[in-house]
Amino acid sequence: MPSQRSPKVNPPSQSELETAFRAELELRNRDGLRLVTLVGGSALLLFGLLDRTLLDSVGLSHLLPSFLQIRVIVVLGQLILYAATFSPRFQRQASRLSVASLVMVGAGIAAMVQLLGGYDSTYYAGLNLVLLAAVFFTLRTKLLLVACGAIYAFYLLPSLWLHFD
């Protein structure tokens, strides 16, 4: 009985492996972006219910329309990003869109923090939730640093400029 030899299979090249890895990252980030935009957008709206109570308790109820406007703009942005995840053109940019999502929500919360007096605001905790949302993405270090740095800059720079005595 003759021995059967299996045909020799060449392993994939380094560039083929990297291309496949990048494609897998984009798919994971697309799925993470869908989750974060829906859950995050819903949370932004639900936390808006607390705005009335908090703003009344500190005598700043006149800020309620501004807070509502910030929340609506950010949620609309999140819905646009969610819709973009279904477009083949944008699916290849899921990592960058994920950063945009995080920064957009972070900037909105940072704006509310500044309206409430800056670094003393209890809304600062919302920024921590945004940074925690980054765990739903598989971002390269550079992109993650851009996202977290931008979020923190939206909080820190106005606080230093406007509220630091």
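Predicted model: local features only at pLDDT ≥ 70, side-chain atom pairs only at ≥ 80, totals over all residues.
Local features need pLDDT of at least 70 and side-chain atom pairs count only at pLDDT 80 or more, while totals for chains, interfaces and linings use all residues. Residues are numbered from 1 along each chain as its sequence is written, and side-chain values use heavy atoms, without hydrogens and water.

**Helix α1.** Helices are DSSP runs (H or I, at least four residues), numbered from the N terminus. Helix α1 holds 44 residues, 14-57. The expected span is 1.5 Å times one less than the number of residues. A kink of about 30 degrees is centred on leucine 50. The bend is the angle between axes fitted to the seven residues ending at a residue and the seven starting there. Just after α1, glycine 59 has a positive phi of about 70 degrees.

**Contacts.** Glutamine 78 sits in helix α2 (residues 64-84). It is buried, at 1% relative accessible area; buried means under 20%, exposed over 50%, partly exposed in between (1.4 Å probe, protein chains only). Contact means heavy atoms within 4.5 Å. The table leaves out residues up to four places away in sequence.

| Residue | Touches |
|---|---|
| Glutamine 78 | Thr37, Ser101, Met104, Val105 |
| Isoleucine 109 | Tyr123, Gly126, Leu127, Val130 |

**Core.** A nonpolar core is a set of buried Ala, Val, Leu, Ile, Met, Phe, Trp, Tyr and Cys residues joined through side-chain atoms within 4.5 Å. The largest one has 31 residues, and Phe67, Leu102 and Ile109 have the most contacts inside it. Helices α1, α2, α4 (94-115), α5 (124-133) and α6 (141-163) each supply at least two of its residues. The largest share, nine residues, comes from α4.
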